[in-house]
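Reader: Please take a close look at the aromatic rings in this model. I want cut-offs with every term.

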Amino acid sequence: MSELELKFNQLSPVLVKFLARYGFGETCAITLAGTAGSRRVYFRLSEGLRTFIVLVSPSDDADFGRFLRITQFYRLMNFPVPMVYCIDDAAHQVILEDLG
């Protein structure tokens, strides 16, 4: 499987638990939403009309924590950045608001 593909069972238990509260499970649609620096990959999860973005970052991504801190800083400064809903630091996976 390519790093540009994601299956529901590859999500961390922390993210799965969060998603289950919103009705997401094995049958949700997962599509590639984009890529970014430090080999981060974004996937759109869809279930009915609800969507989330899942960020998957390599375990050796030294910028993972900085990315989250910068996102939080921009949010505090009222810049239009996605809301961070759930973070699994150990798995380097994040659930973000889908802005598009």
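Author: Phenylalanine 73 has a relative accessible area of 46%, so phenylalanine 73 counts as partly exposed. The scale is simple: buried is under 20% relative accessible area, exposed is over 50%, and partly exposed lies in between (1.4 Å probe, protein chains only). Tyrosine 74 is partly exposed too, at 37%.

This is a predicted model: local features need pLDDT of at least 70, side-chain atom pairs count only at pLDDT 80 or more, and totals for chains, interfaces and linings use all residues. Residues are numbered from 1 along each chain as its sequence is written, and side-chain values use heavy atoms, with hydrogens and water left out.

The whole structure holds eight aromatic pairs. Rings of Phe, Tyr and Trp (its six-membered ring) pair if their centres lie within 6.5 Å; planes under 30 degrees apart are stacked, over 60 edge-to-face, the rest tilted. Phenylalanine 52 is buried, at 5% relative accessibility. Tyrosine 85 is partly exposed, at 37%.

Back to phenylalanine 73 and tyrosine 74: their ring centres are 6.1 Å apart and their planes meet at 50 degrees, so the pair is tilted.

Ring pairs also build a cluster: Phe18, Tyr22, Phe24, Phe52 and Tyr85.
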